[in-house]
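Biologist: I would like to learn how to read a few features of a model. Please give the general idea each time, then the case at hand.

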Amino acid sequence: MKSFSIMIKPASSLCDMRCGYCFYCDVAASRKHASLGLMSFETATALIKNAFTEIIAGDHMTFAFQGGEPSLAGLNFFRFFVNEVKKYTPHGVTVDYAFQTNGVNIDDEWCDFFSKNNFLVGLSLDGDSSIHNQNRLDKSGKGTFNKVMETKRKFDKTGVKYNILSVLTGESARRAGRIWNFILNENIRHIQFIPCLGPIVSLREPLDDNSNSTHFPGTLKSAEVTNMSNTVRFPGTLTGKRFYRFYSDLFPLWKKEAKKGNMISIRLFEDLAALLLTNQRVTCGISGRCMPQIIVEADGSVYPCDFYVLDEYKTGDFTRDTIREVFEATVNSAFLVQKPQSLKYCENCNHKKWCMGGCKRMLDTVYGDPCGMRLFLDEHIDELLKIYSHAM
């Protein structure tokens, strides 16, 4: 049995929010064309046909939609996509869907669609209003907390399967207790904290930081996106020390609930347990190596990593290439075959044998000097694994 996952950006870098920390601003600003518009029905059909070449009974396919904001492609696009998948899926192949959204466009019709088609939705929510509204702003500069909470409650009411994704900034990392109380009060069962990254750094050389722009414009006006220049570092970028402080403060709160039988899913904890107890790498970069990813932009072009959807790393085109051709090109790409960076402070680390320096995109925010991951693991990993070994 083979499993494939394809991440699709049907609205490219377009977004109806102006989040202060959006990493895709650097990605979009560093390409010849910042926005590739909306994916056409023709491109979607070609992608689906080529994705199912050489897929046989017993195999599994996941189509994940991300952005920008994928809902801007319109509900009719996703209805068409799902119908085309039903048309071309080989007998005996299972298909899953995932959808990452900021939540501001989601109404009852979207909820009905997600429920009927068994979508797993990632909802971006950073914490209570005081935390969320610091950075997750609409086009007029207003906080979006109330609208996102309205969407969450729609999901709860209609039975939409969802996880919460929260961006962890240098500021919010100080407020683990407040965030944990929010998780408990809102009965959040699954949450992933995404480190707030600084500007994207090319594998060849850093980008020039001479722009006055501090955030991704997230606009539907292509002229504004096209004229974007490189951005400066977001002041709330996470550091290794703040990463450690957050998870070190969070862990005893999580452990207290876990020992009561209230096992709330924290993605990092689950990923560490899967890797160290069962040798499963379920997250790219956690063991210092990039896993082959297939990221598809709105025009069908393919890239090996969501953090590096840059012209120089294009590996194929799903409007003409088969799944085998795309996968082989990705595996053999210069991006993927590059050796992990050797870091001096890793030499005497007890976790080096499996961590290998971690994700190259997070060297400053998680694995920098001091390494937040190392500090957390030194202090809590034995107890974390003990809890999960009893839960399995």
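Modeller: We go from the whole chain to aromatic pairs, and then to one helix. This is a predicted model, where local features need pLDDT of at least 70 and side-chain atom pairs count only at pLDDT 80 or more, while totals for chains, interfaces and linings use all residues. Residues are numbered from 1 along each chain as its sequence is written, and side-chain values use heavy atoms, with hydrogens and water left out.

Biologist: How many helices and strands are there in the chain?
Modeller: Helices (H or I, at least four residues) and strands (E, at least two) are DSSP runs, numbered from the N terminus. The chain has 14 helices and ten strands.

Biologist: What percentage of the residues is buried?
Modeller: Buried means under 20% relative accessible area, exposed over 50%, and partly exposed in between (1.4 Å probe, protein chains only). Of the 392 residues in the chain, 54% are buried.

Biologist: How is a pair of aromatic rings described?
Modeller: By the distance of the centres and the angle of the planes. Rings of Phe, Tyr and Trp (its six-membered ring) pair if their centres lie within 6.5 Å; planes under 30 degrees apart count as stacked, over 60 as edge-to-face and the rest as tilted. The whole structure holds 39 aromatic pairs. One of them is tilted: Trp110 and Phe114, 5.6 Å centre to centre with 35 degrees between the planes. Both lie in helix 4 (residues 108-116), four residues apart, about one turn of the helix. Trp110 counts as buried because its relative accessibility is 6%, and Phe114 is buried at 1%.

Biologist: Which pair is edge-to-face?
Modeller: Phe251 and Phe269 form such a pair, at 5.8 Å centre to centre and 75 degrees between the planes. Phe251 belongs to helix 9 (residues 240-259) and Phe269 to helix 10 (residues 267-278), so the pair ties together parts 18 residues apart in sequence. Phe251 is buried, with a relative accessible area of 1%, and Phe269 is buried at 0%.

Biologist: Which residues of helix 7 are buried?
Modeller: In helix 7 (residues 176-185) they are Ala176, Ile179, Trp180, Phe182 and Ile183. Seen down the helix axis, they fall within an arc of 155 degrees, so they line one face of helix 7. The arc is that of the directions from the helix axis to the C-beta atoms.

Biologist: What do those buried residues pack against?
Modeller: Contact means heavy atoms within 4.5 Å. The partners of the buried residues of helix 7 include helix 6 (145-158), strand 6 (190-195) and helix 9.
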